[in-house]
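Reader: I'm new to this one. Could you walk me through how to read it, one feature at a time?

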Amino acid sequence: MSASGATMTAGRTEGVTSLQRFTRRRSTIAFLMTLPLIAVIGGLVVYPAGYAMYLSTLNRRMTEFIGLEQFAILLDTDTFWMVIAQSCIFAVSAVLLKALIGFWLAHMLHDIPAKGQRKWRGMLLVPWVIPPALSTLGWWWMFDPSYSSINYLLNVFAVPSVPWLGEPWWARTSVIIVNVWYGAPFFMIMYLAALKSVPEQLYEAAAIDGATGFQRLRYVTLPMMRNIISITVLFSLIVTFANYDIVRVLTNGGPRDLTHVFATYAFQVGILSGNVPRGAAVSLFMFPLLAIFAFFVLRGVTRRNKEES
Amino acid sequence: MAQVSIRKVVKAYEGGVQAVKGIDLEIADHEFVVLVGPSGCGKSTTLRMIAGLEEITGGEIAIGGTVVNDIPPRDRDIAMVFQNYALYPHMSVYENMAFGLTLRKFPKEEIKRRVENAARILDITPLLDRKPKALSGGQRQRVAMGRAIVRDPKVFLFDEPLSNLDAKLRVQMRTEIKKVHQTVKTTTVYVTHDQVEAMTLADRVVVMNHGIIEQVGPPQELYHHPKTRFVAGFIGSPAMNFIPARVENGSGALRVTLPNGITVPVPESRTARYQTAAGREVLFGIRPEHLTEVKNLDRDNIAVFELTPEVIEPMGMETLVHLWLQGAEVCCRIDPTTPAEPGRPMQFAADLNHMHLIDPESGKVL
């Protein structure tokens with residue numbers, strides 16, 4: 001019995017070429033199935049990133065290799081330091097506000113009975129669904145110095161008009177407001193999902209243990225949502241840091257370049273002013289900043305996942 | 001520690017569905033009371049109303065003499081053990097147990113003393129630094145109990161705490177719970193659908209069905225003197241046999257005639273009790289353990305008749321014999337050494353001292 005079995009196995013192996021065996025391996029199949037995605041990422045992310053790195057080492061006319069000269073020049077200009085500062089202020093304050101407002105909205109929605117929840121959820125998601133370039137045009141009109149509907153309302157209540165886009169601090173505030181308006185629903189929907197996944201019995205146990213509403217939030221809800229919060233904040237920080245459309249449409253970097261963020265400044269320098277290598281260098285500056293932040297956030301998430309769930 | 005009074009308590013949900021239909025129950029200090037019944041009978045709802053997790057639609061609940069209808073759970077001084085344990089996954093075992101005390105601003109040393117004491121009672125001292133994820137089901141159950149013990153509350157509430165454990169562990173934890181109650185003596189209300197748990201743990205068992213209390217009493221009383229057909233069928237495993245029968249009055253003595261013509265005499269001591277049922281259709285109720293192979297014929301009120309076994313189930317310590325009497329399934333419990341085989345008629349003895357007659361319409365035991 002065992003002898004005949006061995007012969008059979010041997011017979012089967014002989015007829016199979018090594019190529020056939022290679023294609024039958026599970027890891028090979030897995031690789032082939034992910035190949036389209038790998039190709040897309042390679043073509044749209046890896047290649048442009050590599051090319052940008054190469055470009056940033058060239059001189060303005062792209063004829064000569066000049067090493068890290070472009071970065072040195074950038075770090076020597078006040079405008080660029082201003083762009084770094086503005087990018088950080090913009091991204092950090094916008095993400096914080098989005099996170100807080102999203103959290104608050106998610107709680108409000110969570111308390112609405114399931115029946116009425118859908119329509120509110122749908123309406124609150126609208127800002128996130130409209131293409132930001134379009135909705136920003138709407139905001140631009142509301143901020144317009146002559147026709148601002150917001151100023152009109154303010155005037156009704158005897159508040160003087162605000163130079164929304166004309167004055168540096170107000171312009172900076174305006175881009176943050178629009179970004180928060182656009183991005184808060186994303187936080188809301190992520191937090192709502194997280195809230196729904198907290199078992200009801202934990203709240204009941206906490207209520208019996210003596211927790212007040214605030215203590216339940218502090219000791220049950222927040223710890224249970226920590227991973228979602230960190231991942232959402234990380235994701236949003238990356239997207240907000242690299243924001244282009246809102247600033248471009250609303251202020252185009254002005255007044256006096258004071259609202260530029262990395263992406264709009266890179267476009268300004270690289271495309272509009274024609275210094276492609278320096279534009280590439282500007283956009284590459286985002287990478288190390290975000291990489292460090294992502295490292296710490298993801299490490300925390302992995303550690304907690306191991307301990308809890 | 002305290003007594004719990006439940007007076008005319010009603011729970012109605014939107015749409016008018018009543019889960020609990022006006023129940024009354026007095027639970028004494030130190031008492032261990034088990035609410036038992038099939039799912040949907042209102043036992044969990046009752047427990048959750050005592051805990052304050054469920055609003056009371058009507059009537060009132062008092063803990064230690066204070067009406068708690070409008071008091072939030074945290075001020076009722078109760079502790080609850082949930083079916084799925086409800087441990088906080090981000091806290092260590094120590095933190096889980098200490099949480100209630102921390103919120104109540106107990107001094108650190110006092111918390112430590114209480115947690116360590118509870119951990120010793122439950123034998124979980126080596127686990128105090130672990131997170132719930134790293135514990136087995138039985139260990140989690142102990143931690144959940146520890147969380148209740150450290151609080152030293154007026155009342156313990158258990159909501160089907162053993163349902164998520166495997167059979168062996170369930171028996172072990174059952175003993176553990178009884179031991180803990182004997183140590184701490186806190187008034188306990190325990191909900192389960194398992195009548196074995198109810199019988200083994202309770203000082204008094206409360207059998208619920210369709211939102212009402214069918215019967216309250218010590219386990220032995222419920223077993224021997226059920227008041228309704230539901231209690232008679234729910235308590236005891238395998239369940240009591242209910243055989244359609246007719247009570248007949250013949251020459252001064254009462255007789256019960258079973259479907260296949262077998263007639264058994266009603267014991268003299270019960271003649272007066274069953275007199276009103278004479279000439280009526282009833283259900284003849286007898287537990288499998290009182291329907292055995294023929295032995296001890298010297299006792300009074302044993303009726304012997306011949307039946308044909310259809311299914312034999314050897315259990316080791318006993319053998320269950322199943323047969324059908326015109327549609328009514330009958331289970332008998334015989335000694336495993338007694339030879340029995342399907343299809344071969346054999347003699348059975350019914351111990352009529354333990355018979356019941358049930359009115360099929362009202363469901364009341366006569």
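Author: Axes are lines fitted to C-alpha atoms, for helices over the stretch in contact, and angles run from 0 to 180 degrees between N-to-C directions. Helices (H or I, at least four residues) and strands (E, at least two) are DSSP runs, numbered from the N terminus. Before the case itself: this is a predicted model, where local features need pLDDT of at least 70, side-chain atom pairs count only at pLDDT 80 or more, and totals for chains, interfaces and linings use all residues. Residues are numbered from 1 along each chain as its sequence is written, while chains are lettered from A and ligands numbered from 1 in the order in which they are written.

Reader: So at what angle do helix H13 and helix H14 of chain A pack?

Author: About 170°, with the axes of H13 (residues 262–272) and H14 (residues 276–284) 7 Å apart. Angles under 35 degrees count as roughly parallel, over 145 as roughly antiparallel, 65 to 115 as roughly perpendicular and the rest as oblique. That is why H13(A) is called roughly antiparallel to H14(A).

Reader: Which residues in H13(A) and H14(A) meet?

Author: Two residues are in contact if their C-beta atoms, placed from the backbone, lie within 7 Å. On the H13(A) side they include A:Phe262, A:Tyr265 and A:Phe267, and on the H14(A) side A:Val276, A:Arg278 and A:Val282 are among them. For classes, Ala, Val, Leu, Ile, Met, Phe, Trp, Tyr, Cys and Pro count as nonpolar, Asp, Glu, Lys and Arg as charged, and the others, Gly among them, as polar. The contact of H13(A) with H14(A) has 10 nonpolar, three polar and one charged residues.

Reader: How many helices and strands are there in chain A?

Author: Chain A has 15 helices and zero strands. Chain A comes out at 27 Å, well over the 19 Å that the rule gives for 309 residues, so it is more spread out than a compact globule. Along the principal axes, the C-alpha atoms of chain A fill a box of roughly 100 × 75 × 30 Å.

Reader: Where is chain A divided into domains?

Author: Domain bounds come from an automatic or database domain assignment. In chain A that gives domain 1 (2–55) and domain 2 (72–307), with 41 Å between their centres, taken over C-alpha atoms. Chain B is divided into domain 1 (4–230) and domain 2 (241–358), and there the centres are 40 Å apart.

Reader: How many residues of chain B are in contact with chain A?

Author: 19 residues of chain B are in contact with 16 residues of chain A. Strand E6 (78–81) and helix H2 (93–103) of chain B are the elements that give two or more residues to chain B's side. By class, that side divides into 12 nonpolar, three polar and four charged residues.

Notes. The radius of gyration is taken over C-alpha atoms; the globule rule is 2.2 Å times the number of residues to the power 0.38.
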